Each structure stands twice: as C-alpha cells, then as structure tokens.
Amino acid sequence: MKKLAVAMIHGIGSQGPKRPADSSDATYSKALQKKLKSELGAARFGHIAVREIFWSDILQGRQETYLASIKRRTRYDDLRAFVLCNLSDASAYRMNAADARDDTYGRIHRRVRDVIAELESDCTPDAPLVVMAH
C-alpha cells in the first residue's frame, strides 16, 4: 500500500488522443512524473500512488464534429480549432448542468470520483491526497 496519493487533473485543452485504459498509465503527466521520480529517488517515489484524471474525451467528439461542420478552408481554421478545443472546455463543462439531456458536468465529476476511489484502494487509510491541477 502506498503512503501518498497524487491525483493529476489536466485543465483546458486536449489531454491526448485517447483515454488510457488505466488511470495509473502516465500520459500528459509523464514528464512530470519522471522528474518527480528523479528528484525523490525511485525508492521514495515507489511509496506514491499517482493517477491521472483524464476527461477531455468527454468533450472532444462533440468539438471535432462541430469543427468539421464549420470548416471553411481558410487560414483561420487552426485558430478556430484552438479556441474551440481550449477555451470552450471551461464553458462546456458547466454550461448545461441544469439540462437533463446533457450530463457533461456529471460525467466529468464521475471521472474525478472514480480516480479518487482508485487512489483510496492503492493507499493506506491515512494517506494524504495531493491534487495537482491547472
């Protein structure tokens, strides 16, 4: 059992092309985890349970469909994609919370809850939880 739980949650933007099957597989936090292991040493790092909360795929399909429908083949397509895939995450996350047909908010929160539960099962009962987010 690990002595410290670390949940890493990405902010806006894509976290990668595909959600990993296991939240302990490093994707967007791979470089940070490598640096932590280097700084702490392998033995100390071995006492830490690290999991990623990967949620961008909940919004990504909808964003890609929208971008395809408005593609104008202008020089602004890249800017349009950047704005949609980065800035819209924050508004899409909360926008339809009251709409019973759109459970984006609930789906993202279930991902957070599920990873926290996985960390609880990885760690001793008194292990602190550190959330690294941006």
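## Accessibility and basis of the model

Buried denotes under 20% relative accessible area, exposed over 50%, and partly exposed the range in between, with a 1.4 Å probe and protein chains only. The structure is a predicted model, in which local features need pLDDT of at least 70 and side-chain atom pairs count only at pLDDT 80 or more, while totals for chains, interfaces and linings use all residues. Residues are numbered from 1 along each chain as its sequence is written, and side-chain values use heavy atoms, leaving out hydrogens and water.

## Aromatic pair

Rings of Phe, Tyr and Trp (its six-membered ring) pair if their centres lie within 6.5 Å; planes under 30 degrees apart count as stacked, over 60 as edge-to-face and the rest as tilted. The count is one aromatic pair. The ring centres of Tyr28 and Phe54 are 6.4 Å apart and the planes stand at 35°, so the pair is tilted.

Helices (H or I, at least four residues) and strands (E, at least two) are DSSP runs, numbered from the N terminus. Tyr28 lies in the loop between β1 (4-9) and α1 (30-40), and Phe54 in the loop between β2 (48-53) and α3 (57-70), 26 residues apart. Tyr28 is partly exposed at 23% relative accessibility, whereas Phe54 is buried at 5%.

## Strand β1 and its partners

Five of the six residues of β1 are buried, so the strand is largely enclosed by the rest of the structure. Strands pair if DSSP finds at least two bridges between them. β1 pairs with β2 in the parallel sense over six bridges, and Leu4 has Ile48 of β2 as its bridge partner. β1 also pairs in the parallel sense with β3 (residues 129-133), over five bridges; there, Met132 is the bridge partner of Met8.
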